[in-house]
Amino acid sequence: MDAGVGRIPIMDVTPVVDGGRFPASCVVGESVRITANAFREGHDAMGVQVILTDPQGAETVRRLRSTNPGLDLWETRVRPDAAGHWSFRIEAFSSPYDTWAHVAEVKIPAGIDEPLVCAEGVAVLRAALAEVASGARPAADRALLEAAIASLQDSSLSPAARVAPALAADLRGVLDVRPLREGVTVSGPHALVVHRPRALFGSWYEMFPRSEGARFDPESGWVSGTLRTAADSLDRVAAMGFDVAYLTPIHPIGTAYRKGRNNSLEPRPGDPGSPYAIGAAEGGHDAIHPDLGTMEDFDAFVARAKELDLEVALDVALQCSPDHPWVTEHPEWFVVRPDGSIAYAENPPKKYQDIYPLSFDTDYEGLYAAIRDVLELWVEHGVTLFRVDNPHTKPVRFWEQLLAEFDEKHPEVVFLAEAFTRPTMMHTLGKVGFHQSYTYFTWRHTPAELQEYLEELVEAAPYMRPSFWPTTHDILTPFMSSGGRAAFALRAILAATLVPTWGIYSGYELVEDVPRPGAEEQIDNEKYEYRPRDFAGALAQGTSLEPLLGDLNRIRRAHPALQTLTTIRFHEAEDEDVVVFSKHLPADDSPTGQADTVLVASLTVHDRGAWTRLSLDLGALDVGASFEVEDLLTGERFTWGEDPFVILDPHDRPAHVLRIVRPEEDPHVR
């Protein structure tokens, strides 16, 4: 009777998500750790290998190595080199050559059973020679095998000399690359979706296009910025090293129940309303607000972004103002209360009277098609990323279907989930296809909290990629509103170095930190009014954080270690308010072919400095007892050991961002 585990049991394969219910994912060039628990009875040798299959069906074989024999843990790393749907399978097998080699190495020196050991060796190598004859093994292996067999059969030689060719490094290498296998057991295939690198690594800059170039006319009131004036701002965004220009909704805004400043129920003349109250007589999600311009203007914005090597992300808010065309054309797409009114959005105690949520329970197929067509339109006009507003308030089934369709038609398009919600929902959205997710970083501050959270994110890396934002247009935490410039600087440093993708909301560089009383959001919130900003003036006065943001993005681009998530390792500091972590890429995993290690020691508070000693794990850094580091923010160099002393100040030096200087590197390249 089949026991169901095969001849050589293979258990706990990773990365496998929910037993294979969902595919694991990675990005092109990412080093993916493949592990399995595999074992057999008795003491005979065994081997494990992974067969990685690319989207065209070509296979690559890699051996797994036993990293913890006591726990039967085997692992290796693979680096898929193209986007698409890959798979891998694990094969475990009995290894007769390795079993014989171990016996020979023990018995021959001890003078035990020498003729029998030689005869057993002949039988093993003849099995390998038969594979040459069948075409399963290269013809180039024949000479080595035949010479080793002849030596084993030559009784005129000493036993040690007889076995020497069969144990030599050249033959061992041949049989390591293509092992002789018996009792092969297979686990898989297991799905692995490979996305383009932007799904893992990038720097986002959020803007309200109506504020870019907006001005106040004393006679006529506010004049909105446009997509053309917003395009003029892209040079500054690109100069800071950002990769993605993210636009909040650009669609017509309803007038019914329009919100005034600071979410007031009584708008004043000229108040523009929330861009999240989508839809008016001019159109819905497929239209552009007349104040912002036309589709031609949007195309010009995208074209300018491309010239600057910026991608364009668009906010997707699946909700409607009472004036949206869908309200009259498809009332079945909304929740109707017993009194005949349509339910507006609520997140008690917050109320959004200007927004009607969508209901997927009455005409799912019709609503699905409408939303899909809207997204297709914006993809046609050059949008390559979508930031999805509140995806956790829509059925997971809807996202699974939609993201699968876009993965097939537009695999280059990246979806970011703005799901500040329960962990199970956040993780499930990642599993069904969201490429990235907002996270709880905004509320994680102490070293212990950050380490615990990053370790959780690393564990979820096969299906959920984090995006760290210190603030958003909706969120301004007490930490940020009480710490001034120091808080904004140190949280930017942490967001930019802890994870591969981070973002800021426009105005961050100006340290906009005044909260609305009783709420964790900015006063005079840009969602309800125009917010033109004097970026050039702040830069000229030396009060802008633009230079720091530019440095952080430059450092991130120059150091592939910072473009990874799973390489992070935490170290210790004597001061409980200092967090210390490193990211190390060995040369084999680095796209440059050189090892890259970045070490960060940062304050986590903004109201005091720290004079503290660190305790570094030198093994994780891949360095000796003494090594040189260079601060990538200041250019200073230090010689460190396992317990260096650092001085941090929230105003002048909130953190060290250091590279390990290695002998093979150009000492002048930072």
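Reader: Which residue in β5 does Val 48 stand opposite?

Author: Val 48 faces Leu 64 in β5. Keep in mind that this is a predicted model.

Reader: What makes β4 and β5 a pair?

Author: Two strands pair if DSSP finds at least two bridges between them. β4 and β5 (residues 59-68) share 6 bridges, in the antiparallel sense. The count meets the cut-off, so they pair.

Reader: How many residues lie between β4 and β5 in their hairpin?

Author: The hairpin has 5 residues between its strands. In the turn, Gly 57 has a positive phi of about 95°. Pro 55 also lies in this loop.

Reader: Why is Pro 55 called partly exposed?

Author: Its relative accessible area is 34%. Buried means under 20%, and exposed means over 50%. The value for Pro 55 falls in between, so Pro 55 is partly exposed.

Reader: What does Pro 55 contact beyond its neighbours within four places in sequence?

Author: Pro 55 is in contact with Ala 83, Gly 84, His 85 and Trp 86. Contact means heavy atoms within 4.5 Å, so each of these residues has an atom that close to Pro 55. Pro 69 is another matter. The C-alpha atoms of Pro 55 and Pro 69 are separated by 34 Å, and the two residues are 14 apart along the chain.

Reader: How do you know that β4 also pairs with β7?

Author: Count the bridges again. 8 of them join β4 to β7 (residues 84-94), and the strands run antiparallel. At least two are needed, so β4 and β7 pair. Within this pairing, Gly 47 has Phe 93 as its bridge partner.

Reader: What makes β4 mostly covered?

Author: In β4 (residues 46-53), 8 of 8 residues are buried. Buried means under 20% relative accessible area, so each of the 8 falls below that cut-off. Both faces take part. Met 46, Val 48, Val 50 and Leu 52 point one way, while Gly 47, Gln 49, Ile 51 and Thr 53 point the other way, and all are buried.

Reader: Why is Val 312 called buried?

Author: The relative accessible area of Val 312 is 2%. The cut-off is under 20%, so Val 312 is buried. This residue lies in β13 (residues 311-316).

Reader: Which residues does Val 312 touch, not counting those up to four places away in sequence?

Author: Among them are Ala 245, Leu 247, Phe 301 and Val 383. Thr 384 is another one that Val 312 touches. The C-alpha atoms of Val 312 and Thr 384 are separated by 6.2 Å, although the residues are 72 apart along the chain.

Reader: What is the order of the strands in the open sheet of 8 strands?

Author: The order is β28-β27-β30-β25-β24-β23-β26-β29, with antiparallel pairing. β28 (637-640) and β29 (645-648) are the edge strands, as each pairs on one side only. From one strand to the next, the twist averages 35°.

Reader: How do you know that β24 and β25 pair inside that sheet?

Author: β24 (residues 578-585) and β25 (residues 596-603) have 8 bridges. At least two are required, so the strands pair. Val 579 has Ser 602 in β25 as its bridge partner.

Reader: Which helix lies across β24 and β25?

Author: Helix α14 (residues 478-498) does, and it also lies across β23 and β30. α14 runs at about 30° to β24.

Reader: How many helices and strands does the protein chain have?

Author: The chain has 17 helices and 30 strands. Of its 670 residues, 55% count as buried.

Notes. Residues are numbered from 1 along each chain as its sequence is written. This is a predicted model: local features need pLDDT of at least 70, side-chain atom pairs count only at pLDDT 80 or more; totals for chains, interfaces and linings use all residues. Side-chain values use heavy atoms; hydrogens and water are left out. Helices (H or I, at least four residues) and strands (E, at least two) are DSSP runs, numbered from the N terminus. Buried means under 20% relative accessible area, exposed over 50%, partly exposed in between (1.4 Å probe, protein chains only). Axes are lines fitted to C-alpha atoms, for helices over the stretch in contact, and angles run from 0 to 180 degrees between N-to-C directions.
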